[in-house]
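Let's take a friendly walk through one protein model together. Have a look at the chain first, and then we will visit a few of its places one by one.

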Amino acid sequence: MSRQPAEEQRLAESWDINAAAWTQSVREGLIRSRQLVTDRAITEAVLRRRPTRVLDAGCGEGWLARKLTSQGIAVTGFDGSESLIADAQQHGGGPFFTLSYDDFCAQAHVLGEPFDVVVFNFALLSEELSPILRAASQTLAPGGCILIQTLHPVEASQGQGYENGWREEHFSGMGEGYKAAMPWFFRTLSSWLDELRRAGLDCVALEEPLHPETGRPASLILTAVPRPQI
Ligand SMILES: C[S@@+](CC[C@H](N)C(=O)[O-])C[C@H]1O[C@@H](n2cnc3c(N)ncnc32)[C@H](O)[C@@H]1O
């Protein structure tokens with residue numbers, strides 16, 4: 001990943017600035033859609049693959065790694081935020097490493113491979129994703145897959161144009177103590193599929209878990225596998 005626009009830098013910095021607030025939001029269940037739908041949706045999507053080893057990429061404070069570890073799965077987590085990794089390490093369920101996606105792209109193998117699943121749970125927020133996805137695919141075991149849960153593009157674009165571009169998250173309704181807005185790159189569904197294709201991956205499943213209160217999609221879950229070499 002060569003370019004580092006100001007948004008990318010602010011995005012990375014925001015996770016250290018907001019680490020305490022984020023950890024509290026996740027651990028106290030303050031994000032309603034996570035409680036009602038998306039935590040279970042991604043956990044079940046991983047478990048359906050019956051993995052032995054999982055890489056939790058952009059693991060944050062580590063809730064998913066802990067959940068999967070409690071099911072007997074060997075999970076490694078990494079995240080660019082040193083503060084969030086410190087929070088993750090305090091609760092166990094790791095090992096957990098501080099590693100930016102840039103560094104992951106340069107040295108994906110340092111995390112110890114191969115993995116049956118590499119999971120990105122709401123953790124792909126940058127403009128350029130194909131290098132990250134390509135690095136992730138290099139750590140996969142034969143038959144392994146990449147699972148991505150993200151905001152549903154149609155829902156996330158409500159009230160704004162349906163076109164790729166930088167947006168700002170202010171964490172309203174997610175708890176207290178957030179000190180910085182987070183830039184994140186909104187992308188359309190076709191753009192998600194383009195990023196996978198550019199990374200040499202095929203999208204083999206697409207799920208849209210519904211929010212039980214609104215009947216609207218709470219997220220989008222993509223399953224991708226390395227494109228067979230002909
Ligand atoms: C919305 S949080 C999700 C955290 C966790 N996956 C979860 O489900 O709670 C997004 C995470 O992506 C990480 N992240 C964003 N950009 C990153 C980058 N360039 N390198 C490494 N981690 C990054 C952040 O530090 C943050 O922990």
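Before we start, a word on the model: it is predicted, so local features need pLDDT of at least 70 and side-chain atom pairs count only at pLDDT 80 or more, while totals for chains, interfaces and linings use all residues. Residues are numbered from 1 along each chain as its sequence is written, and side-chain values use heavy atoms, with hydrogens and water left out.

**Around the ligand**

Which residues are closest to the ligand? They are Arg34, Gly58, Asp79, Tyr101 and Asn121, out of 18 residues that surround the ligand; a residue belongs here if one of its heavy atoms lies within 4 Å. The shell is made up of 10 nonpolar, 6 polar and 2 charged residues. In this grouping Ala, Val, Leu, Ile, Met, Phe, Trp, Tyr, Cys and Pro count as nonpolar, Asp, Glu, Lys and Arg as charged, and the others, Gly among them, as polar.

A polar contact is a pair of N or O atoms within 3.5 Å.

| Residue (backbone atom) | Ligand atom | Distance |
|---|---|---|
| Gly58 | nitrogen | 2.7 Å |
| Tyr101 | nitrogen | 2.9 Å |
| Gly80 | nitrogen | 3.0 Å |

Taken alone, the ligand exposes 590 Å², and the protein buries 93% of that. Such accessible areas come from the Shrake-Rupley method with a 1.4 Å probe; for residues, only the protein chains shown count as cover.

Val119 sits in strand S4, which spans residues 115-121. Helices (H or I, at least four residues) and strands (E, at least two) are DSSP runs, numbered from the N terminus. Is Val119 buried or exposed? With a relative accessibility of 0%, Val119 is buried; buried means under 20% relative accessible area, exposed over 50%, and partly exposed in between (1.4 Å probe, protein chains only). Not counting residues up to four places away in sequence, Val119 touches Ile42, Val46, Val54, Leu55, Asp56, Ala57, Leu64 and Leu147, where contact means heavy atoms within 4.5 Å. Val119 and Ile148 are 29 residues apart in sequence, yet their C-alpha atoms are 5.9 Å apart in space.

Thr223 belongs to strand S9 (residues 220-226), and at 6% relative accessibility Thr223 is buried. Setting aside residues up to four places away in sequence, the contacts of Thr223 include Arg49, Cys145, Ile146 and Cys203.

**An enclosed helix**

Why is helix H7 described as largely enclosed by the rest of the structure? Because 7 of the 9 residues of H7 are buried. They are Ser130, Pro131, Ile132, Leu133, Ala135, Ala136 and Ser137. These buried residues pack against H6, S4, strand S5 (140-150), helix H9 (189-198), strand S8 (201-207) and S9.

**Spots in the loops**

Now for the loops. Where is Pro95 placed? Pro95 is in the loop between helix H5 (82-91) and strand S3 (96-98), and a cis peptide bond with omega of about 20° joins Gly94 to Pro95. A cis peptide bond also links Glu113 and Pro114, with omega about 0°. Pro114 lies in the loop between helix H6 (101-106) and S4.

Arg50 is not a glycine, although its phi is positive at about 50°. Thr52 is found in the loop between H3 and S1 and is exposed at 54%. Thr52 is in contact with Ile73, Ala74 and Asp116, leaving aside its neighbours within four places in sequence.

Phe122 is a residue other than glycine with a positive phi, near 50°. Phe122 lies in the loop between S4 and helix H7 (130-138) and is partly exposed, with a relative accessible area of 21%.

**The cysteines**

How many disulfides does the structure hold? The number is 0; a disulfide is a pair of cysteine sulfur atoms within 2.5 Å. The sulfur of Cys105 is too far for a bond because the closest cysteine sulfur, in Cys59, is 16 Å away. For Cys203, the closest cysteine sulfur is in Cys145, at 11 Å, which is too far for a bond. Cys105 is partly exposed at 23%, and Cys203 is partly exposed at 32%.

Notes
A polar contact is a pair of N or O atoms within 3.5 Å; within protein, one must be able to donate a hydrogen and the other to accept it, and residues adjacent in sequence count only if both atoms are side-chain atoms.
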